[in-house]
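Here is a short briefing to read alongside the model. Please have the sequence and the coordinates open as you go.

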Amino acid sequence: MAYSAAITRGNPACLIFMVDQSASMGDPIGSVPGTGGPRPKKRDVAADALNEMLFELCIRGAKAGATEDYFEVAVIGYSDVVASAFAGELAGRDLVRISQIAAHPARIEERSEVVNGTSIPRRVPIWIEPTSVGGTRMNLAFQLAAAHVDRFLRLHPDSYPPIVVNLTDGEPTDGDPSELAAAIRDRQSSDGAALLFNLHLGSVDAQPRVFPDDDVVLPDAAARQLFNLSSTLPGPMRSLALASGLTVGDRSRGFAYNADISSVVKFLDIGTRALELR
Amino acid sequence: MAERAEIVVRQAAKERHDLSECEDAAAIGGVEAADGAVEVLRAPRIALVDGASASYDARRWARFLAAAVSSGDGSLADGIDAAQRAWAEAPAPGGGDPSWLEEAARARGNWATCLVIDLGPGAVHAQAVGDTCLVHVRGDRLVSCFPVTAAAGFGSTPDLVCDDPALPATGPVVHQYHAPLVAGDRLLALTDAIAEWFLSQHEGGCAPSELVREIDRAAPAFGSFTAQEREAGRLRDDDVTLVSVGVA
């Protein structure tokens, strides 16, 4: 059965995050109408979500004595420049083993979170800093992601298929990415085709659309384009989404439109929980 | 009266791992039974535990839990309660200020599946949380595979026992198995990957007695056997433990 390969340190999984760092990511994120609440900038939401994902992957590999290299992760930032988005000691690195990511956060923030009405201090490692400047060279980012996928699959042809997650708030400024996206989705391990998911961060106050199964529900051509770039959710992920209370069908795509903070978290959780270990 | 048990324990670690990293643990009467252990006992209590790979200290928790729940003679639920209390009082290894990673990973808890088998006069009683299995073979017949009954029943989210009782939303569900035993019966306690292998082979037409013979032949070189079956795509890459019990 596809999308069932065991994830081990000899057969790790590959996750590639692409994050839009263009000027418009400095705008506030939308929220569900009527919910109110603070509206942080999209760049902050994206950076927080990526740092949380990296934190989660580090925890999954953490073992007493050492961190197991179950994952190799790249974070590609794109604006006018397309490059690794890691800060600190990992700056400039492409696919990085999770043990190296765990060992080298750029910094540790002291935050507090409220649990059952009590404020509890929490140390939060930071690898990705929020950035918003310039244009949206998404095509170039897809090219770089494809190169990472190729390199990973050459070394791990039987791995769980690579997952590429693109966080963006808009349209590319360097052309139509359809062919490049299709080329990524055509890459194969023996366990199935690489997965390309797109997470659109919204600015308007409207209901998010998570894992839609048809582009007719989407309001504009840019949204429909991102929908069509996205892979169909494989069966195990559909099961996870259903178990989380989301409405999904056989044709649901790995796409979220006008995502707010809550749906960003839910989307990334479903998109990567299939990589949980037993 | 069928209660004298000839017990053999065999283990193999995941590919590219040493046995010293194996996160399965077997114990008999409160004492860990390592790979290669051979015992002949009357009315033993045997535990087999499979530590969840995602846990920070899965190996230590698996060994601790196996020893704890195999030491008494009460219910598995009571054994788990006692193990959790003792674990909470046991000093954590290391010392000094934990890193952000250790602090966060420990807070997630350590998790494991757990199977306990009691052999008594003319009967076997097994209790299980999760998908570590007891295969009961009599002659050419599969009496039962407990608690998972078909190869398709193995998934990625079995019920698990946590070291911290405060973490799970609900307590573990303990499944029960009672069956008469007769001399000559074979019992195989198997962690999930090798249990899935057994059921797949059986569902593919292999007689249980033939599978038992294959396991007996493989036991002296268990690592080679698991490597060969993984290479052939018949065995998932996971830690594997087999506790074979011949009833005399």
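Cys22(B) counts as buried, at 1% relative accessibility (buried means under 20% relative accessible area, exposed over 50%, partly exposed in between, with a 1.4 Å probe and protein chains only). This is a predicted model, in which local features need pLDDT of at least 70 and side-chain atom pairs count only at pLDDT 80 or more, while totals for chains, interfaces and linings use all residues. Residues are numbered from 1 along each chain as its sequence is written, chains are lettered from A and ligands numbered from 1 in the order in which they are written, and side-chain values use heavy atoms, leaving out hydrogens and water.

**Cysteines**
- Over all chains there are zero disulfides (pairs of cysteine sulfur atoms within 2.5 Å).
- Cys14(A) is in no disulfide, and the nearest cysteine sulfur, that of Cys58(A), is 15 Å away.
- The sulfur of Cys22(B) is too far for a bond because the closest cysteine sulfur, in Cys114(B), is 15 Å from it.

**Interface of chains A and B**
- In contact (heavy atoms within 4.5 Å) are 24 residues of chain A and 27 residues of chain B.
- The rule finds four salt bridges across this interface (a side-chain nitrogen of Lys or Arg within 4 Å of a carboxyl oxygen of Asp or Glu).
- One salt bridge joins the side chains of Arg123(A) and Glu103(B), at 3.3 Å, N to O.
- α1(A) gives the most to the side of chain A that touches chain B, with five residues (helices are DSSP runs of H or I, at least four residues, and strands of E, at least two, numbered from the N terminus).
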